[in-house]
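Please keep the structure in view while reading.

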Amino acid sequence: MTSPDRYAVIGNPIAHSKSPEIHARFAAQTGQNLSYERLLAPLDGFAATVREFVAHGGRGLNVTVPFKLEAFEMATALTKRADAAGAVNTLRFDGDVILGDNTDGIGLVNDIVANAGVPLAGKRILLLGAGGAARGVILPFLEQSPAALTIANRTVGKAFELAQRFSGGSHIAIDACAFGELKDRFDLIVNGTSAGLSDDMPAVPASLFHPGVLVIDMVYGKEPTRFMQFAAQHGAATRDGLGMLVEQAAESFFVWRGVRPDTAPVLAALRALLQA
Ligand code: ATR
């Protein structure tokens, strides 16, 4: 058998990354001959680490914290969704071309539409946060033709900036506001803030949550996040970011290999690993 094609996830820190477990399962399931490792880059050595990886036969990378902006700058060609996100989580090396893509947003959309079974066409979406993670999901959401998208952020000016940036190319109503001003009824609420990392949650009114709204936190852990617990206490259906993680990986796998893995058994296996 020929030697496997080399892939990796690059970040700092990287030891916690679940991507190798996910891609090993995708490769086994689809019969693709590839290896996938963790690559720790020094904080000031992202580009050098990428070049060395390519010089040693690397074919593609997933990029995680804190290098998504540097990956965006390093790419010599960008997909439309990476350009809109302003960040790159997937690199593919084709000769001299470094293709930069972003599969995070479509990963979230696929988790909502395919895994949770909630179509987004005609729905009212609330996105909390206006940082890199939030920005990355806006174009994939708009492509689902929702009725309206509201962006709310602690620093409200950043929410207005994002709403304005994406309103230009879209016929969908996009508005912005502060957390305390939220009162409409939404069908989907997505927490794209990093508040959960410090066991905090965005200060939104409890009246947003009710049976019939789906609430998603983009992060995940052994226990539901504080935000998910609060939403569930008020009757909402909740979902964490593990499905998004597996779906963004599947989309990256497709970008590299042209093959779409079946994500359901991989998500189930990862959930079991997380809870073990
Ligand atoms: P990321 O790449 O995870 O998106 P980021 O670009 O630094 O990180 O953005 C972090 C987001 O989480 C921002 O929207 C931030 O709000 P501000 O713009 O007001 O800083 C939001 N955030 C972080 N901690 C938060 C908290 N405790 N409550 C509410 N929002 C928070």
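Two packed helices are described by the angle between their axes and by the distance between those axes. The axes are lines fitted to C-alpha atoms, for helices over the stretch in contact. The model discussed here is predicted.

**Packing of two helices**

- Helix 6, residues 132-142, packs with helix 7, residues 156-167, at an angle of about 35 degrees, and their axes are 11 Å apart.
- The crossing of helix 6 and helix 7 is right-handed.
- Helix 6 contributes Arg-135, Ile-138, Leu-139 and Leu-142 to the contact, while helix 7 contributes Leu-162, Arg-165 and Phe-166.

- Strands of a sheet pair through backbone hydrogen bonds, in either a parallel or an antiparallel manner.
- In this model, an open sheet is formed by 6 strands with parallel pairing, in the order 9-8-7-10-11-12.
- Strand 9 (173-177) and strand 12 (237-239) stand at the edges with a single partner strand each, so one side of each has no neighbour in the sheet.
- On average, neighbouring strands of the sheet are turned by 20 degrees against each other, direction ignored.

**Pairing within the sheet**

- Strand 10 (residues 188-191) pairs with strand 11 (residues 214-217) in the parallel sense over 4 bridges.
- Val-190 has Ile-216 of strand 11 as its bridge partner.

**Helix against sheet**

- Helix 7 also packs on the sheet, where it touches strand 8 (148-152) and strand 9.
- The direction of helix 7 makes about 170 degrees with that of strand 9.

Technical notes: Residues numbered from 1 in each chain as written. Predicted model: local features only at pLDDT ≥ 70, side-chain atom pairs only at ≥ 80, totals over all residues. Heavy atoms only, no water. Axes fitted to C-alpha atoms, helices over the stretch in contact; angles between N-to-C directions. Left-handed = near helix turned anticlockwise from the far one by under 90°. Contact = heavy atoms within 4.5 Å. Pairing = 2+ DSSP bridges.
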